[in-house]
Amino acid sequence: MIGQAAEFDYAGTQACKAMREEGIRSILVNSNPATIMTDEGVADVVYIEPLTVEVLERIIARERPDALLPTLGGQTGLNLAVDLAEAGVLDKYGVRLLGSSVRTIKLAEDRELFRNLLHEIGEPTPRSAIVESWEEARAALTEIGLPAVIRPAYTLGGTGGGVAYTEEDYERICKSGIAASPISQVLVEQSLLGWKELEYEVMRDGNDTCITICNMENLDPMGVHTGDSIVVAPSQTLSDREYHMLRNSALKIIRALGIEGGCNVQFALAPRPDVVGWEGAGETDCLPYHVIEVNPRVSRSSALASKATGYPIARVAAKIAVGKRLHEVENAVTKRTTAAFEPALDYVVVKIPRWPFDKFISGDRRLGTQMKATGEVMAIDRTFEGALQKAIRSLEFGSRSILWQHPEWGDHPPLTATDERIWALLASIRRGVPLAEISGDCGVDPWFVERLARIVEMEKRLLSEDLTPALLRQAKRLGFADRDIATLADRLPQQVRALRDEWDVRPVYKMVDTCAAEFDAVTPYFYSTYEEENEAPPTGRQSMLVIGSGPIRIGQGIEFDYCSVRAARALQEAGIESIMANSNPETVSTDFDTSDRLYFEPLDEESIRDLLENEAGEDGEAPPSIVQFGGQTAVNMARALHASALPIAGSSADAIDLAEDRGRFGTLLAELDIPQPPGTAVTTLEDALSTAEAIGYPVLVRPSYVLGGRAMEVVQDANELVRFFAAALAENTGAVLIDKFLVGPEVEVDAICDGETVLIPGIMEHIERAGVHSGDSMAVYPPQRLTAEQREAIVDYSTRMALGLGVRGLMNVQFVIAPESDPTGPGVFVIEVNPRSSRTVPFLSKVTGVPMVQLAVNIMLGQSLREQGYEPGLWPEGDLVAVKAPVFSMQKLVDVDTFLGPEMKSTGEVMGVDRSFAPAVRKAMIASGLEVAPGTPFLISVSNQTKARATALIRDLHEAGCRLYATEGTATLIQELGIPVEMVTKRLNEGHPNVVDVIREGTVGAVINTIEGGRADARRDGFHIRRAATEVRIPCFTSLETAAAAIGALRAGGDYDVRPLLEYRDGDGQ
Amino acid sequence: MSLLNTGVRPPARLVLADGRVFEGVGVGAAGHTTGEVVFTTAMTGYQEALTDPSFSGQILSMTFPLQGNYGTSLFSDESRQVQVRGFVVREMTDLPSHWLSVHTLHEYLEARGIPGIAEVDTRALTRHLRSRGVVMGTITRDETPEQALARLRAAPDYASIDYVSGVSTAEAYDFEDPRVPLGVAPDGGPAPHVVVVDLGVKRNIMRILRARGCTVTTVPHDTDAEAILSLRPDGVLLSPGPGDPMLLDHVVATSRALVGKTPIMGICLGHQVIGRLFGASCYKLKFGHRGANHPVRDEITGKVHITSQNHGFAIDGDHLVSPVQVAQVHLNDGTVEGLLHREEPVFTIQYHSEASPGPNDTEFLFDRFLDSVRSLRPGVR
């Protein structure tokens, strides 16, 4: 979920390692199967179960742990710990709470208690009031004044908060904030817009030794959530006195809170005396500051701080929690000093958030106190400019390099806080807007603006001067990508690279060692820079490069990090040195002890080739690259690597192209006599229309080579096709695919091929019908509805395709089951093949026990499946049913429609596992927040196309005792069925109560709302319904199948099991 | 003005006595300079470091690559002049941003006649110094490496020079600072009078004492005990300073005469002097302790403090005479970081509890010092 991403996988994995080192048995509970922490060999016992008090109590009763460590699982972990304590569970079973006490958690999270504590210890906080109703909020406004910041208590990523500039804003945000807070409490406070924002990561042990790991400065001043800010470490514009003034405050706070472990403190610091109306600033050398927020736990910022410094905060925090002192913990980097020290950086770190607005084009791009990013990238260099430019490259925005400008920007590009601000700042400088004016307008410190101006000055030199060795070297030292230098100097990127070779302008690699080179360190953690001394010569051992998956984004989540981490481990187990390249600070893969060597670099052609050349050394050969585990990011490198004659391990570049090129793939399937929905790749609208006419509507329209179904649509008629074709073509990937849209259940398999035989670990059946992106579908293993013939066809097709494509390693295939369209055959059609590991690999690995990544890596190393002990064909299904369900972050993204369609929208996943389907699906529903309690009143509004299919569902709901509310047409339908229903209008301006009222007022507890094909106006119709449901956090089903599954789970009733995953999989005896 | 300083800055090089050469561009004053090349890992506080007398005779390299970000202010000097001989950085900005900044770092160095060099691979330099040990070096703009090396070899070695007499005040003075009003004495009584023996004192020591309600008289390094006692001190502080403590027999002698007569706190060089007084020998560290992140364990409480350090010499605790014990040690290498006299109110620290630059975690030691001052004051005892 947004606000809780992979960083907690990193923290939890580190904690488990730390426990193992201390000889403590660890029991891990998480509902997310895509994580490394839930993998075998990390914790001693793993439960993949919903994170509720009831489930946790059952686990505690069974395992009888001595203690609970909640400070490494983000806000979810802390909230659950408080709930367990308050429910008396911890006392009942004598479980000690480690790290933070309930008092501490509440002190830091309850705004009023926290503010009182800070005032007691003399630490300043902004003027504020804690209110629990609109009336109280209105009264508080007089003292606080506008603009004011509104922050709901106990919410993730500041959900429901915002900055109010007008009284109308103030009322609206206060009301939604009170609604979003589980305790109906919000803090309204004096706005510190334009102040500098800083963070300190601090640690404390049981002996009261306190240290700072890292401080960080936000490029975006106060007003933007720190998770949505560009962040620099260490701070750049603070004097020594200011740095230590804030450090003193942070240490004072962690002591007052009594935390044993890590803690994060956020500050606002006045940038200039005039901001606070100080005339006689000569009296002091420090301006006022305020404490903004404290997280009494390991946070997203601590993951960033760990990667930025090399100091493993989560690992040390876990050791402190079990009673170790800081000086008793070894510094894993130097191996000769201890954890009781403060890292010294000799480089600059820049983090940029990765926002989902490339997916959610309609989303509100403005940034405020509510976090919107799904992930982040980090880059390291010896200059700010270099780190910033590498970070921008790491975002993997394709065409959006630093030179990008919005076509509609005029002479004064908008400098308000949006995801595009860094580009707008550069564009403003290019247009000659005075730097002081830029800084004055947006509050970004002049230091940062001036650094950007240096980048722009170099752009101008590259545009106007001859490219000389000195100029090229200077540009590289400022972080310019070959590609941007090429654009500016009117050359091709490969020509720039050739010049670099000729002039010997190559990066060197320097080590992240926590100590600024003061001590000899053993960390194999490197970043590139253009200086003299290289610290990463080739080791001379046999090695392979694992290309990671970059920032977490929609369509590319931590599943791929799981694969990369497992790949590194498999290489090590095979005695091969593993080299990891990645740009994501939140992940386990960028932990320096996951691989033998870590390059923290952008995942683009330039950086990967540079580091491979570095690994090759003077005359050596570059190690083979593994491209099939890092999602589309990595697999997209295949072509460039191949073109540069760099070796690829596993499926060849040609095999990858064969699977991804529509024409070639179609020919192959025809040769193999495997059916796929009719269709073709086109480049013009004329061809699109005639193709659609020939194969018949509905058709699926999508750009080729695109991740997560971006710009993919199911199109019902020629009018719609005209509209969507332009959008698909605008993705600029060359061709647009037009396929017959076959209606039916979707099925997905992952397969492993060694070139001779093919192993299929499992088949997964989607609950939703084709048309919902596979990443947003609930997937069931093993399939519940397939005929034996269909299963055989799936195995047969997958096997022959893997062999026909020449896959070496992993492959993922998606099928649609449409017997009507294949009267003579099994009715199984191939929709898509991905010649790489998919997002279901961790899920399937866990529920089947087949170490899929390891098998694939060993195949790349030349071992066949049989040699590894695996026979071809479908792996036997165990006595369990597992349901994978998507998790969405729609509360955070205002103006984004929540209906499920061909474009992926989910940002995470959970799993429900049990002995049979009904409890498994119920657990998946609980874990994904879609559980429907008995007797929940439903609002139903279904499209004409789905009315026929909805009738069974309506009857079921009625029989389950749910009161029904429905919009006009649906209500008529329900009445016709002879079932009582209350009609509520969907016309929002024609009286009350309307649909939105019954949702907001809590009359209904769940919503079923389906839409008409791809009609945009139909979407608008139900948009208010879906948005309102999202905002009040009630289940909103936009697919009848999901709703049916939820209602089925409700009707089945009965209990579910709570067991370690291994017991489900390998039987009770283990 | 060019933001990139293209062609503005002349090429320059740092030549080390062992023959290693680092190329860069000249910043600060023109001309060449020679000194012992050392590095500090403190990420902030360049102006405080430049004016720290303990860096006298040294060329200072900053491991943090970006220097000059917040410019230079009128209030950040720790002594009356820049004390380093030369300054080595990866990047020096001419675009500082801070409300207190009056000059860029380049202008500041230039006006004070201090040569510097930028665009140096300072991490490579640090790695060189850490494996080879500190070494003499010279910054030059117009010489070949060979010429610079010849000049460098003719220069006297760092360890042979008495820097203390160069940095100490020539005349005793009462410390005043309009920005630091006299605080209230710890016991609320009359202001204690602390005499600071200036071996290369930093202003922040005196500011801290003043803010704690002390009047401060700072005296030259060669003031004898009789002269100090004639000032009727309530306590004496032996300050930090540069160079080899073995050159300071006269200060050892003065200290000997003060022990038992007045509470004494020794910081850094002052700590080494007291160490010598009680039998310890001194030795030179390979590359010193310079930074703001040094962990020191208090042997009595077990607590670890993060300290600011700047020293090239250390004392060997093996031959300490009995009533004096090692009370604090460096967590990284076990070096002696503090001494405690069990019978007299005398204690010392090797690190800089006055910070500036660095963390303030051990500022409470001044309170400890003033506690002993208070308990021994006439009328209180």
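How many helices and strands does chain A have? The legends below start there. The model is predicted.

**View 1. Overall build of chain A.**
Chain A has 36 helices and 39 strands. Along the principal axes, the C-alpha trace of chain A spans about 85 × 75 × 65 Å.

**View 2. Inside chain A.**
Of the 1070 residues in chain A, 61% count as buried. Take the contacts in chain A with a separation of 6 or more: residues 24 or more positions apart account for 70% of them.

**View 3. Where chain B meets chain A.**
The contact involves 45 residues of chain B and 49 residues of chain A. Which elements of chain B give two or more residues to the side that touches chain A? They are helix 3 (122-132), strand 15 (281-298) and strand 16 (304-316). Helix 3 of chain B gives the most, with 5 residues. By class, this side of chain B divides into 19 nonpolar, 16 polar and 10 charged residues.

At the boundary, 23 residues of domain 1 of chain B are in contact with 24 residues of domain 2 of chain B.

**View 4. The domain 1 side of that boundary.**
Strand 3 (33-40), helix 1 (46-50) and helix 3 of chain B are the elements that give two or more residues to the side of domain 1 that touches domain 2. Strand 3 of chain B gives the most here, with 3 residues. The side of domain 1 of chain B that touches domain 2 has 9 nonpolar, 10 polar and 4 charged residues.

**View 5. Close-up of helix 3 of chain B.**
Helix 3 of chain B gives residues to the side that touches chain A. Helix 3 of chain B also gives two or more residues to the side of domain 1 that touches domain 2. Which residues in this helix are buried? They are Thr122(B), Arg123(B), Leu125(B), Thr126(B), His128(B) and Leu129(B). Just after helix 3 of chain B comes Gly133(B), with a positive phi of about 95 degrees.

How values were computed
Residues are numbered from 1 along each chain as its sequence is written. Chains are lettered from A and ligands numbered from 1 in the order in which they are written. This is a predicted model: local features need pLDDT of at least 70, side-chain atom pairs count only at pLDDT 80 or more; totals for chains, interfaces and linings use all residues. Two residues are in contact if their C-beta atoms, placed from the backbone, lie within 7 Å. Helices (H or I, at least four residues) and strands (E, at least two) are DSSP runs, numbered from the N terminus. Ala, Val, Leu, Ile, Met, Phe, Trp, Tyr, Cys and Pro count as nonpolar, Asp, Glu, Lys and Arg as charged, and the others, Gly among them, as polar. A residue is buried if 20 or more other C-beta atoms lie within 10 Å of its own, exposed if 12 or fewer, and partly exposed in between; C-beta atoms are placed from the backbone.
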